[in-house]
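I opened the model today to look up a few points. My notes follow in the order I took them.

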Amino acid sequence: MKIAFVVHDYAREFGHGRYVVELAERFSKEHEVHVFANTYSNTGNPCIEFHRVPALRRNALSSILTFLVPASRVRRSRFDIVHSQGLCCFSFDVTTAHMCNRAWFRARLESGEPVTWRERVFELVVSPLEHFHYRRSTRAWVIAVSNRIREDLRRCYGRQERVSVIYHGVDLDRFSPAQRHRYRTEMRRECGVGDSDVLCLFVGNLSKGATPTLRALAAVPHAKLVFVTRSAVEAYRRIAGTIGVLDRVSFRPPTNQIEKYYAAGDAFVFPTPYESYGMVISEAMASGLPVITSRAAGAAELIEHGRDGFLLNNPSDNSEIAAYLERLSVDGALRNRLGQAARAVIEEYSWDRVAAQTMDLYRRILAERRL
């Protein structure tokens, strides 16, 4: 089979890119794989052919618009399967919906988080393009990374037919409780966390619940909190100072060894107002951490409340977050029990499973084409 992937960035460090890297590496063992992308950081596989797509990367909007046109010139007639990542091209056999921009924007407004004019412009331009992308491609298949996304596509864009839900995978060796033996002591010292401290971890965009998390921390004196993020942190640092928790909070830059932070943590908190899936949630679960997250996250579909994590009814309610943080901070046995249960659940969601389900869909498409 001759397969073409279309993605902005082919790199394990980014969600969409990681998804393509994991699939391309596996499929290249038996099939001819081509990757069309603007940037690459994992090109060591000689069995994959890479093609650079030009794009102006000044901001998210220019990246999408200037990549979309040249990437749409990838000729489907040259390949058995063209697999796009969301709004990357208009000509494809399969597109993976990693998110729904209109649903994300609405959730941001409802959460009370500040929305910048750039984000408003982005939504005004990108959501209609996404609508066009999903509504016109009636003969192509959509992979939704959660039931949440499948419902968002139906509600926001009217896309209902030929949608298959395939959850993201996780690297079960890289993200494992076994990593604690390698990294825990080193990373806790680096973060200024003592052996007896309870360390809560937040990984990702700070607009996905950092403010209520900080306010919750103020009510849980036994805990410390580390944010690992590429977001601007000054506004959140000021909030932490105002409510008197700055001495228990640390902001860390993004890293390509995030597994070290999971190894250092005792709990993971991510009260996002919207998340199509949330790889950070499944990574934390695989690392054996108890998770506090929102029911609005796609990965929350894998969590049974009270058994392998805690699910928030209102991600903006810092008192609800604080109640679960307090329980975890004072009860080590509860932390261990939830963390072990979370690891057991997520062991079913490997990248091998994702690849097998995706290949089944490819074969279904080819079988339909022959009819």
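Predicted model: local features only at pLDDT ≥ 70, side-chain atom pairs only at ≥ 80, totals over all residues.

Next I went back into helix 3 itself. Is it enclosed or open to the outside? I counted buried residues, taking under 20% relative accessible area as buried. Eight of the 11 residues in 101-111 are buried, so helix 3 is largely enclosed by the rest of the structure. I noted them down: Asn101, Arg102, Ala103, Trp104, Phe105, Ala107, Arg108 and Ser111. They pack against helix 4 (117-136) and helix 5 (147-157).

I traced an open sheet of seven strands with parallel pairing, in the order 5-3-1-6-7-8-9. Strand 5 (48-52) and strand 9 (163-165) are at the edges. Each has a single partner strand, so one side of each lacks a neighbour in the sheet. On average, neighbouring strands are turned by 20 degrees against each other, direction ignored.

I looked at one pairing in detail. Strand 6 (residues 81-85) and strand 7 (residues 94-97) run parallel and are joined by three bridges. Gln85 stands opposite Thr96 in strand 7.

Last, the cores. Which residues of the largest nonpolar core touch the most other members? I found Phe5, Tyr262, Phe268 and Ile281, out of 110 residues. Helix 13 (residues 351-370) gives the largest share of this core, eight residues. A second, separate core has 13 residues, including Ala4, Phe36, Val74 and Cys89.

I also listed contacts of Phe5 beyond four places in sequence; among them are Val20, Phe36, His83, Gln85 and Tyr362.

Key: Residues numbered from 1 in each chain as written. Heavy atoms only, no water. Buried < 20%, exposed > 50% of the residue type's maximum accessible area, 1.4 Å probe, protein only. Helix = DSSP H or I, 4+ residues; strand = E, 2+ residues; numbered from the N terminus. Contact = heavy atoms within 4.5 Å. Pairing = 2+ DSSP bridges. Axes fitted to C-alpha atoms, helices over the stretch in contact; angles between N-to-C directions. Core = buried A, V, L, I, M, F, W, Y, C linked by side-chain atoms within 4.5 Å.
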